[in-house]
Structures are given as structure tokens and as C-alpha cells.
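Please read them with the sequence and the structure side by side.

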Amino acid sequence: MPGESAYAAGGNSGSNPESNVHRDYLGAKFGMWLFLFTEVLLFGGMFLLYSVFRSRFPLDFHKGAEELNVALGAVNTLVLLTSSLSMAAAITAMQKGSARLSLYLQGTTVALAGVFLINKYYEWGAKIGHDIYPGSEHMMELPHGEIIFYSLYYVMTGLHGLHVIIGMIVILFVMRFTANGVINSGDYIKLENSGLYWHLVDLIWIYLFPLFYLIT
Amino acid sequence: MGNPASYIKDSQGRTGISAWIFSTDHKRIAILYLVSLMSFFMAGVTLGVLMRLELIAPGRNIMEAQTYNATFTLHGVIMIFLFIIPGIPAALGNFVLPLQLGARDVAFPRLNLLSWWIYIAGAGIAIMSLFTGGGPPDTGWTFYAPYSVKTQTNVTLAVFGAFVLGFSSILTGLNFVTTIHRLRAPGMKWFRMPLFPWSLYATGWVQILATPILGVTLLLLILERQFGVGFFDPGKGGDPILYEHLFWIYSHPAVYIMILPAMGIISEIFPAFSKKNVFGYSFIVFSTLSIAGLGYLVWGHHMFTSGMSDTSRWIFSLLTFLVAVPSGIKVFNWVATMYKGSVENDSPLLFAMAFVFLFSIGGLTGLINGALSTNVQIHDTAFVVGHFHYVMFGGTGVAMFAGIHYWFPKITGRRYNETAARAACLLLFIGFNTLYFPMLVMGWLGMPRRYYDYLPVFHKYHFVSTLGSWVVAASIIIMAVNLVRSARRGAASEANPWGGRTLEWTVPSPPPVENFVQIPRVRRGAYDAPEKDGN
């Protein structure tokens, strides 16, 4: 927890002291972490729901998980983990002064996120093709626990997918800032903060994957 | 450097309305919030007066039952989501916090402006729900499943508006917490910080950690209505009580978002108008943090009659009693601050004293609600309505009025009419008790809440209560006219008209854009008498 005030830490370090733009690296990071806490709680609420319903319908959840494609889920997990790696590497590259390498690595991250979303599209498509989606006739005929399992699956992976899209958009903006020099080796907090966001998005999937795919 | 222009005169290169709605100056943003909030407050008051008009006698008076249901829903949504929750932090916190910390602005000024824009967007969406689709929601502001899932009224849009408003709240909390960590003036250690920033700090954490739960709950309600996902539907394996749990896990901490900044204002006013250091500064700090923390653990007390286990219920009841203790400590400390002080009975102090009285009644009736046995008697009755109006209106509302009067000279650079302010305060106090005390009585006797019609035995209480609503409305009009006229034409104010000891009183009234010509160095506690050189 940053204990010093921005004044003591030299809040304007690294930029023109004549400028009236206030720069506070630690403050910016701190604010980003606070935002991440809100995301943790958002998904935490959903995980709470999951645990309540799973304790009510253990067998139905087991059955539902068997219907999901573990291979595709595992591929998606590897894809996201790799994208986190490329994002972290993008930050290191920027720290070491290689803006161009950082840009390529950011682009890699976006591309991998795209792969994730394409896989997700096929997964959802398969389920919807089998008439399993909230409100469908077939779904209403399933046992209660399975209805809840699939509803949770759609809502949680859907919410997560939305955050993947948001993350992609954010990183695209960051790529633009990298290309035009707004983000540079002297001031890369925007890149770091987007990296933090991306790692969170990855981490949420790391929890989703076992809870939906591996509990058989 | 000379005499920099005030933030009101210096438009920073923009003209017209753009100088306000695109400004990242925390003081201008505070004014934007203040004007918006007060407009919504007036709308909410109008709805309240209309409700009381309907309830003046049994049977139909001025509206149909469906309209009444929509009216009380809208009254709640506007007052809670558009007025009280943003309320003090957005309007007064935004203005005063950087000044009290010795800072030039908050940590993230552009995010601050975005918070206001999001607030306006959320308000706009909520207002739209009045006019589109099946008409305004009739579920009550709590939107309980299953009715909120089934009703044909425009729940989805209204709830989406509340969802958007949640982002505004989160960003404000995030901004303030970071500001307090990073931008305190040199020498201002944590325990030299005034109590209003402490209250905003605790509130900020609650905003950050509790609001997302509301976000997910409202999202699930929308998904339930639009796609039938089934989490709250027993026909699909869900449970409507789950909605109640999720809803109150946010909405109980939300009431602490409402009250903690209010208490912060009261903690500023008592020492200033007693010309003394506040009594028990550290205890007030720890009480503030305790209320914020314990407030997360008591949500079940809204659901005692929902069928929870006995064990859960007595635990929630015990924790509810526990969370009342730090509030009590604060009340004792405020009163003790006046002891042997040089007390000036100016209007801010009168409002603050009204707060202590009204909040105490509210708090004590909260305990009656929190005891399991009595709760069965009064759950969903007018007693609860009386209780929460005593704490939210008599508490937070009155504290906000107190703060607006206290910081009025600093914000506008002018003085308001003291006689009119005192008259408004007295009239409000009388009207308030006339309006809400009968609710406590008739609630105990069995008058349900949210009921359009009632048995003749309750008529006399409703009649008195409605009279009270007119007195309250009159007092608010007197107060509004006084403040609005004085803001334009009041006598000019000096920098420190009240003799306050916190940093905002060391800058001109109104302050320049950058707040301080030079960032101060702090060498004393917030309420210690300043040295001869004014520091």
C-alpha cells in the first residue's frame, strides 16, 4: 500500500516540472487495483451463486459438466494463459525501451483474445444447436439442476466474454498510444494498468474452467 | 502570483455551458452534482407530497392504485439512487475533500467528470423508464423477485439505469480513496486528517466493494426478465430468496454509504461551532471504520421473516446490535465536544443538533427492527418507513442541509440570510416529526407499508402525517429560496466566517481554481487551535 503522499514521492517525477499535468505513478496503479477489486466482487457474486446452486444440485452439475467440451475449454485456457504471457512481455519490452517489440506483443495478445472468442462462438453454437439455451423448450425439460448449470454457464462465460472484448478494445487503444508515443519507456502506466486488467480477465477464466469443465 | 481569480470567474478558456460540463475542476464538478442532485431531490419530494395526499384519507383520493404503486417506486428510486447515495460525497465531498487535504484536486480529475456524466446518463435512462414500454415500475425500489420478473412495467430499463448509476458511485469511491492515500499535504499524517475525509475514505471503500454486487444482481434481474435464466425461479431450480440476499448484501452497506459522510459533516460542525477540539477524535475514526466493516455483515436483518434458519437470524440480530454501538459512540462524542465549548448557535449547528436528535430516534427504532421478536410485529409496516426516513432524511438529508449551510460561504463566496435559515431549520424539525412519528405509531398498530388504502382506524395518523408533509415541503422551499437568492446576491463572505480550523478556511471564499497558492505544510491536528501565524 503506497504510504507516501504524491508530494513526498515527487509526484511529477519523470515529466516536465513546469507542466500543470499531475503525474502520480503509484496513484494510478493504486486506482487501477481498486477498480480490479470491483471486478473481483462482480464475478465473486456469480461464483457465490454457483456455489449455492452446486451444493443444491451436485449430481445435475456433474452431468452438465460432462456435456461440455473439455478439449476446447483446455485450448482456451492455454490461449488465455499465453496471451497473459505476451502482455507481460509487452510491458517488459517497453520497460527496456523496445516500443516496437512491445507493440507486436500487444498485437499478439489481441490476436489470441480473438482466438478465444472464436472458440467460444463454436462452443456456444454447439449448445444452441442442441437447443440448450435459456428459455428454449428442451432446456425447460431438463432437471432443475441442469437448467441452473447451463444458465450459470451462459451468464458467467458470457460476462467473461464481454470482459475479453472490453480488454481487447482497451489493448487496441494502448497499441495506438504505443504507436504514437503517448506510451513510452518513460511513462507506460497505461500499458501496465491494461496488463493488470488483462491478467484479471485471464484469472477469472482460470477459475471458470475447472468449475464448469472439470468437475466430473 | 498575486490574487488568482476564483474558480467561478476563471473559466479556463471555455465559454458558456462547456465551461461547466467539460470542466475537470473538482469544485465545478461539485456544483454540477449539487444542481443535479437538488433537482432530483425536489422531484422526489414532490412525489412524496403526492403520496401523502393520496393517503390523507382512506379510499381513492387523487390517484389509482397502480399509479400509487408506481409513485412510491419512483420516489424510492429517485431518492435513493439519484439523491442520497451520490449525495454528500458527490456534491460536498467533491468540493471540500481536496481543500481539506491541502490538495489541488482529486487524484483522477477526468474520471471525476466521467462520474458525473455517467450519473446523468443513468438518471436519464431511469427517467426514460417512466415513459416507455409498460410504464414506470410498480415493484417498490427493492425490485423483489418474482414480481419484478413478471410485471409488465418497465423494470428492465429502470434497473439498467440503476446499474449505470452504480458505475458513477464506484468511480467516485475509487477516486476519493486514492486521493486520500496520495494527496494529503506534507505533514498531514492519517491522524491529522479531518473527520470528513475519514468518513469519505470509509465510504469510498464501501462504494468500491459493495456496489458491484448490486451490479451483478440487477444484471441477473434483467437476464431473468429477458432470457428466463431461472436463478430466482423455483420452477427452474432457482430461489427468489436468493434475490433478496444478493440485493441486501449491497443495499445494507449502501445505507452506510449514505450515513457515514453525513456523520463526517456533523463531526466537522460540532468542533467548529464549539471553538474546541472534537472530543475523542480517534474513537470517531475507529467507529467510522467499524461501521463500514460491520455494515457488511448485517444484511439479513432485512429478511428476518423470509424463512431463514433461527441460527442465521440471531447472528444477524446480534451483529445488527453491535453495529449500533459505534454510532452511539459518535453521538456521545459530538455532544461532549460542546461541553465547555464556546458555542455559537448559528444555523449549521442548529441543523447538526437536529441531526443528532432525529438520527438518534432513527437509530433506536433500528434496534427495535433488529430485535427478532419485535421485527415480526413491524416488518413491512409503516414503522419501517418511519425508521428509515428518520435515519435517511432526518439523518443524511438534514446533515446534507447542515453541510450546505456550513460550506455555503466557501462555495459561493457569499452569506445567506441567517434568520431564514433558522426558520427553515425549525420548521423542518417540527414538520419532520409531525410527518414521520405517526408512522412509527401506526406501523406498530399494524398499518402495512406500500398500501394504497387502509382501515379507518389508521385515518387520524395518516391525516396528521400528511399535514406534516406540507410543513416539511414549506420548510424546504424557504431553505431553497434563501440559498438560491443568496448565492446570486448575498453579501460577500470572508475566507473564514465561522472560525473553522480546517484547511478549507485558509483559502479565499470562493477558492481559486488551483485551491492553494502554495501547498501548505501541516504541523498540527485537524481541530487543534492554529498557531499565531495561522498554520
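1. B:Arg60 and B:Glu64 form a salt bridge whose closest N and O atoms are 2.6 Å apart, a salt bridge being a side-chain nitrogen of Lys or Arg within 4 Å of a carboxyl oxygen of Asp or Glu. Both partners are partly exposed, B:Arg60 with a relative accessible area of 48% and B:Glu64 with 43%; here buried means under 20% relative accessible area, exposed over 50%, and partly exposed in between, with a 1.4 Å probe and protein chains only.

2. This is a predicted model, in which local features need pLDDT of at least 70 and side-chain atom pairs count only at pLDDT 80 or more, whereas totals for chains, interfaces and linings use all residues. Residues are numbered from 1 along each chain as its sequence is written, chains are lettered from A and ligands numbered from 1 in the order in which they are written, and side-chain values use heavy atoms, with hydrogens and water left out.

3. Over all chains the structure holds twelve salt bridges. One of them crosses between chains, running from A:Arg56 in helix H1 (residues 25-56) of chain A to B:Asp239 in the loop between helix H8 (195-227) and H9 of chain B, with an N to O distance of 2.8 Å. Helices (H or I, at least four residues) and strands (E, at least two) are DSSP runs, numbered from the N terminus. A:Arg56 is partly exposed at 42% relative accessible area, whereas B:Asp239 is buried at 18%.

4. A further salt bridge joins B:Asp346 to B:Arg422 at 3.6 Å, N to O. This pair links distant parts of the chain, 76 residues apart, with B:Asp346 in the loop between helix H11 (310-338) and helix H12 (347-370) of chain B and B:Arg422 in helix H15 (residues 418-445). B:Asp346 is buried, with a relative accessible area of 18%, and B:Arg422 is partly exposed, with 35%. Through shared partners, salt bridges join B:Asp346, B:Glu418 and B:Arg422 into one network.

5. Which residues touch the most other members of the largest nonpolar core? In this core of 239 residues they are A:Leu152, A:Phe212, B:Phe231 and B:Phe355, where a nonpolar core is a set of buried Ala, Val, Leu, Ile, Met, Phe, Trp, Tyr and Cys residues joined through side-chain atoms within 4.5 Å. Helix H9 (residues 240-274) of chain B gives the largest share of this core, 21 residues. Leaving aside its neighbours within four places in sequence, B:Phe231 has contacts (heavy atoms within 4.5 Å) that include A:Leu49, A:Phe53, A:Leu152, B:Leu220, B:Asp239 and B:Leu242.

6. Helix H3 (70-95) and helix H7 (189-213) of chain A each give two or more residues to the patch, and the largest share, three residues, comes from H7(A). A:Leu81 lies in helix H3 of chain A and counts as partly exposed at 40% relative accessibility.

7. Chain B has 16 helices and zero strands, and 63% of its 535 residues count as buried. Along its principal axes its C-alpha trace spans about 70 × 45 × 45 Å. Among contacts in chain B between residues at least 6 apart in sequence, 81% join residues at least 24 apart.
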